[in-house]
Amino acid sequence: MYQEYMQMVPLPTRKSSLIPCNSWMGLAASMKELYGQPLHYLTNLSMKQWDYLRIGANDEDVPLDTLIDPAKAEANIWLIEEMHRNTTSPFFIARLWHGDPMYHVYIDAIFPELKDPSK
């Protein structure tokens with residue numbers, strides 16, 4: 001059901017102004033708030049992993065928007081999001097969740113109003 005729901009949530013067609021951010025998780029949180037949209041479970045995990053990759057790097061304390069153009073960073077997240085929404089197997093998600101009792105931490109509690117799919 002989760003994967004079916006995420007496929008029904010339309011990706012935003014408008015892009016806002018540049019979003020300042022210190023981290024990938026911070027950028028994702030700002031995008032969720034700005035667009036009123038959830039991000040896919042796998043996208044949220046990706047943001048966590050990308051931030052984790054920076055630990056110990058020379059530029060670890062440098063804000064992300066200084067290292068990567070904020071518009072490109074946002075576009076990258078939306079591309080990853082589109083891939084996760086449209087190509088992820090619900091069986092793969094179920095296997096991941098079965099092995100992770102804390103999976104719900106990475107599921108956003110944002111429920112945008114959906115257009116009636118029967119129309």
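A: A close view of one part

Glu81 belongs to helix 5, where helices are DSSP runs of H or I with at least four residues, numbered from the N terminus. The model is predicted, so local features need pLDDT of at least 70 and side-chain atom pairs count only at pLDDT 80 or more, while totals for chains, interfaces and linings use all residues. Residues are numbered from 1 along each chain as its sequence is written, and side-chain values use heavy atoms, with hydrogens and water left out.

With a relative accessible area of 0%, Glu81 is buried (under 20% relative accessible area; exposed is over 50% and partly exposed lies in between, with a 1.4 Å probe and protein chains only). Not counting residues up to four places away in sequence, Glu81 touches Met6, Leu11, Pro38, Leu39, His40 and Thr43, contact being heavy atoms within 4.5 Å. Met102 is 21 residues from Glu81 along the chain, and their C-alpha atoms are separated by 21 Å.

The side chain of Glu81 also meets that of Arg85 in a salt bridge, at 2.5 Å from N to O (a side-chain nitrogen of Lys or Arg within 4 Å of a carboxyl oxygen of Asp or Glu). Because they stand 4 residues apart in helix 5 (residues 70–87), Arg85 and Glu81 are separated by about one helical turn. Arg85 is buried as well, with a relative accessible area of 2%. Leaving aside neighbours within four places in sequence, Arg85 is in contact with Gln3, Met6, Gln7, Val9, Pro10, Leu11, Gln37, Pro38, His40 and Trp78.

Leu42, Thr43, Ser46, Met47 and Trp50 in helix 3 meet Asn76, Ile77, Ile80, Glu81 and His84 in helix 5. The residues of this contact divide into 5 nonpolar, 4 polar and 1 charged (Ala, Val, Leu, Ile, Met, Phe, Trp, Tyr, Cys and Pro count as nonpolar, Asp, Glu, Lys and Arg as charged, and the others, Gly among them, as polar). The axes of helix 3 and helix 5 come within 9 Å and cross at roughly 140°, axes being lines fitted to C-alpha atoms over the stretch in contact, with angles from 0 to 180 degrees between N-to-C directions.

The structure holds 2 salt bridges. Besides the pair of Arg85 and Glu81, the side chains of Asp108 and Lys32 meet at 2.9 Å, N to O. This pair links distant parts of the chain, with Asp108 in the segment after helix 6 (90–99) and Lys32 in helix 2, 76 residues apart. Asp108 and Lys32 are both buried.

Technical notes:
Helices (H or I, at least four residues) and strands (E, at least two) are DSSP runs, numbered from the N terminus.
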